[in-house]
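I opened this entry to record what I looked up in the structure. The notes follow in the order in which I made them.

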Amino acid sequence: MSLWVLVTVSFLMIHLVPGDPVRAALGMTAPTELVEAKRQALGLNDPLLTQYVHYLGNLLHGDLGESITTQLPVSETISQRLPATASLAVLAFLVAIAVAVPLGVTVAVATRRGRRRRTELAFAGGSVVLGAIPDFLVGVALVAVFAVGLGWFPVAGRTDASSYVLPVLALAIGPAAVLARIVRVEMLAVLETDYVRTARAKRLPARRIYLRHALPNAVTATLTLGGMLLASMVAGTVLVENVFSWPGLGSTIVQSIVTKDYPVVQGTVLVYGLGVLVINTLVDVALAVLDPRSTIGEL
Amino acid sequence: MSQRWIRIVKTPVGLVGLSLLSLIVLLAVFAPILWGDKASVVDTENLLAGPSAQHWFGTDNLGRDLFFRVLVATRLSLTLTLVATALGTVIGLVLGTAPELLGGRLGRLVTALVNVFVAFPGLLLVLVFAVIFGVGARGAVLAIGLAVAPGLARLCQTLVAGVTGLEYVAAARITGVNRFRIMARHVLPNVAEPLIVNVTITAGAILLSFAGLSFLGLGVQAPEYDWGRLMQDGLSGIFVHPLAALGPGIMVVLAGLAFNLTGEAIAGVFGISTPTGTGTLRVPTDETPVTDIPHDHAADGDLVLDVRDLSVTFPGANGPVRPVRGVSFGIAAGEAVGVVGESGSGKSLTALSIAGLVEEPASIDARHLTFCGTDLLEEPASGQTRDTLLGTSLAVVFQDPMTSFNPTMRIGAQLAEVGRHHQGLDRKKASARAVDRLRAVRVRDPERRARQYPFEFSGGMRQRAMIGMGLMGSPRLIIADEPTTALDVTVQSQVLALLQDVRREEGAALLLISHDVSVVADVCDRVLVMYAGRIVEDLPTADLRTRARHPYTRALVAAVPAMTTDIDTPLATIPGHPVEPAQVPVGCAYAARCPLATVRCREQDPTLTAGPGGSRVACWHADEPADVVTAEEALA
Ligand code: SF4
């Protein structure tokens with residue numbers, strides 16, 4: 001269902017543009033014959049349904065059409081640029097998890113039942129503020145401090161490992177803050193449950209109570225919310241890539257929107273949408289694996 | 001309503017949020033008027049200059065002052081945000097109420113579509129819509145407004161669905177009021193508060209989206225400028241002076257925070273609906289010292305558990321509250337002791353504090369607390385040794401078997417970890433022991449059962465497994481806190497019988513907490529009767545029916561029709577209400593309900609005094625023949 005909506009929206013997008021998209025793309029000065037020829041080539045003169053069927057058919061073959069401005073196949077552009085974006089998103093995701101889960105758990109354990117009020121306040125305040133700053137602003141701030149100010153990392157571009165540091169941080173900090181908050185809240189709830197009390201009655205080492213008994217139960221609930229966050233991280237790459245002139249899909253989509261290169265826009269939107277769908281599916285699968293009930297349900 | 005708004009300002013979050021918001025609104029209104037000119041003055045001497053006394057944020061490529069430009073940009077940024085918010089809210093409301101108004105297939109279709117769109121991040125939707133509506137401020141407003149609509153629509157749907165189930169809405173429907181009217185009159189006003197909160201927070205998100213879109217060059221176009229646009233211009237010059245990009249960025253963050261904080265403050269105040277005025281609670285400060293009665297029914301060396309003057313204290317709004325106030329008793333090896341009392345009598349807390357399961361902010365005090373000769377009050381030299389002792393010799397069975405097992409771990413593993421951590425068994429041996437223990441508590445097919453998760457066990461089965469968990473070691477004492485209360489009547493006696501068998505086989509003592517006198521009478525050798533955090537009587541079970549000396553004990557017994565009959569809540573028939581831990585009166589706590597109460601009872605607290613045969617009672621008029629008010633009489 002979501003997939004169908006995604007494909008259809010990306011198809012319809014071009015038709016919902018007011019006026020003639022080809023005319024818009026080529027500019028007012030382009031000769032009428034050229035526009036007409038382009039329309040013909042793009043199949044825009046066929047009935048809508050035919051175009052739709054055609055579009056779906058091409059999609060199955062991995063054919064996303066070709067760019068109006070560069071004439072290059074869209075699929076080629078995407079496959080060239082996707083790795084840069086994907087690696088960025090995956091790394092940022094890993095960093096966010098690696099920071100948020102231990103942090104959330106530690107703070108939850110340290111501040112449960114009203115202990116260490118100050119730590120709690122500092123954490124709450126810090127995570128709210130960090131979570132509220134949009135990723136591209138974090139990016140700009142990071143560039144200003146670490147690239148321009150201190151000169152530790154490159155300002156822009158994708159060269160070696162060090163060029164990854166700032167964009168990944170820019171993407172990861174906000175979600176990590178929000179995620180850490182969620183983990184903490186979930187953890188606090190789980191720590192009050194009867195089964196954690198049972199674990200305590202068994203006099204297990206504290207580490208085992210927190211990591212083996214409490215954490216898996218907290219993660220189940222965290223994942224659902226975390227999935228949304230990850231999906232928005234994928235979209236967040238668009239902005240962050242533009243801060244760092246990152247040669248990924250995010251730069252492509254923005255450029256092509258500005259130049260009205262609709263086939264490219266269509267293709268990239270589709271890829272981003274797919275990325276989100278994949279994440280949502282992965283989250284569902286992970287939930288099923290973690291929750292014994294649902295695995296049994298599937299069998 | 002207006003009082004609530006005042007309360008919002010009174011919370012620190014609300015105060016910061018609202019003042020930030022007002023500041024921004026003021027800037028939006030006045031900045032263009034006051035500084036509009038300054039912001040567009042071209043200073044060719046100072047192109048792309050860094051911050052200086054003259055230009056706080058420096059200048060742009062035309063030498064225009066960036067500080068003023070940032071201030072002036074407030075108006076456009078805020079206006080666009082508000083327009084998009086309004087647009088999104090209206091569409092969200094329409095889509096959100098549509099399923100209810102349209103009903104049937106069409107309604108479900110709307111719901112399904114909204115759900116699909118919600119799955120995609122807002123920014124992606126914004127980009128798609130930006131393509132359709134074109135680059136520029138107008139396109140951006142439309143795009144962002146549309147992009148936030150699904151989220152608001154979903155929220156609206158959920159809220160509306162929650163309210164339409166309520167009785168008065170159903171009543172309105174039955175009387176034939178039309179759907180639109182119901183929506184407008186009955187439903188929407190009831191969901192307004194959470195909606196306002198979410199719209200406020202969404203406005204914050206919209207503000208950030210605008211900044212993002214303009215920053216990408218897809219939003220506001222030159223010569224107009226909002227914060228995002230200024231940031232984009234600033235980014236190219238970030239080498240020269242970072243403030244050009246950071247300045248507008250800071251404003252974006254502040255404005256975003258203003259909306260978020262305000263929203264959360266509103267949510268906080270609307271969520272809190274407790275009355276502010278609390279009754280005058282009195283905590284007696286002059287505690288009557290509890291005389292220590294030696295437990296002369298068993299030699300001290302023989303005691304598995306020895307508790308003297310145990311109290312549990314919670315910090316309360318009006319001073320500390322003590323639900324357990326000086327409890328002393330001992331349990332001999334192999335002895336079964338029951339604790340009965342109404343809820344709130346402190347019996348469960350007593351059990352939990354002995355098991356070391358009472359946590360902060362509650363604190364435990366006792367003059368003496370030993371288990372198997374080990375002092376539980378002292379910080380042990382080796383925590384490990386004590387944990388192992390308690391982990392293997394003290395078994396705890398909790399009230400609700402449905403929630404007391406970890407839902408994500410297999411039953412066998414939950415048993416086996418005791419063996420692994422306290423008995424040094426390896427994984428295989430521990431699992432084998434777990435299976436063996438499950439067999440010992442008569443779980444059929446234990447090998448298969450051990451591999452199952454808690455949800456695959458029935459309540460009775462889980463309680464057996466819980467007992468089995470206690471048998472992983474060799475328990476000297478089993479603490480069972482209302483072990484059968486949550487179970488079906490038919491299973492209750494099986495679990496009790498199992499507890500009895502296990503106790504005999506293992507030679508373990510039992511501390512059985514129950515509100516049910518008949519359960520305790522069936523299982524235990526001795527009964528402790530608790531009232532208002534104290535033991536009021538301690539007597540052999542055999543004497544319970546005929547020789548109870550405390551009026552409360554007699555009332556408890558009288559409330560049970562026949563000692564052997566299972567009955568759900570036999571205590572409900574004692575007239576009056578139990579004492580709240582926060583409001584323990586001076587004198588005997590039971591005086592208000594006691595048929596024998598005299599002036600002395602109301603002034604002086606009776607102490608627990610030893611009587612014949614090792615029994616103890618705390619009552620000035622113990623043994624006095626009394627017409628205990630029975631259920632029948634109370635009703636008459
Ligand atoms: S002390 Fe007095 S009020 Fe308390 S139980 Fe005995 S007779 Fe009743």
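The model is predicted: local features need pLDDT of at least 70, side-chain atom pairs count only at pLDDT 80 or more, and totals for chains, interfaces and linings use all residues. Residues are numbered from 1 along each chain as its sequence is written, chains are lettered from A and ligands numbered from 1 in the order in which they are written, and side-chain values use heavy atoms, without hydrogens and water.

I noted that strand E7 (residues 394-397) of chain B pairs with E8(B) in the parallel sense over 4 bridges; pairing requires at least two DSSP bridges between the strands. Strands are DSSP runs of at least two residues and helices (H or I) of at least four, numbered from the N terminus.

On its other pairing, E8(B) joins strand E9 (residues 509-514) of chain B, also parallel, over 5 bridges. There B:Ile478 stands opposite B:Leu510.

Finally, I looked up the contacts (heavy atoms within 4.5 Å) of B:Leu477. Leaving out residues up to four places away in sequence, B:Leu477 touches, among others, B:Val304, B:Phe371, B:Leu394 and B:Leu510.
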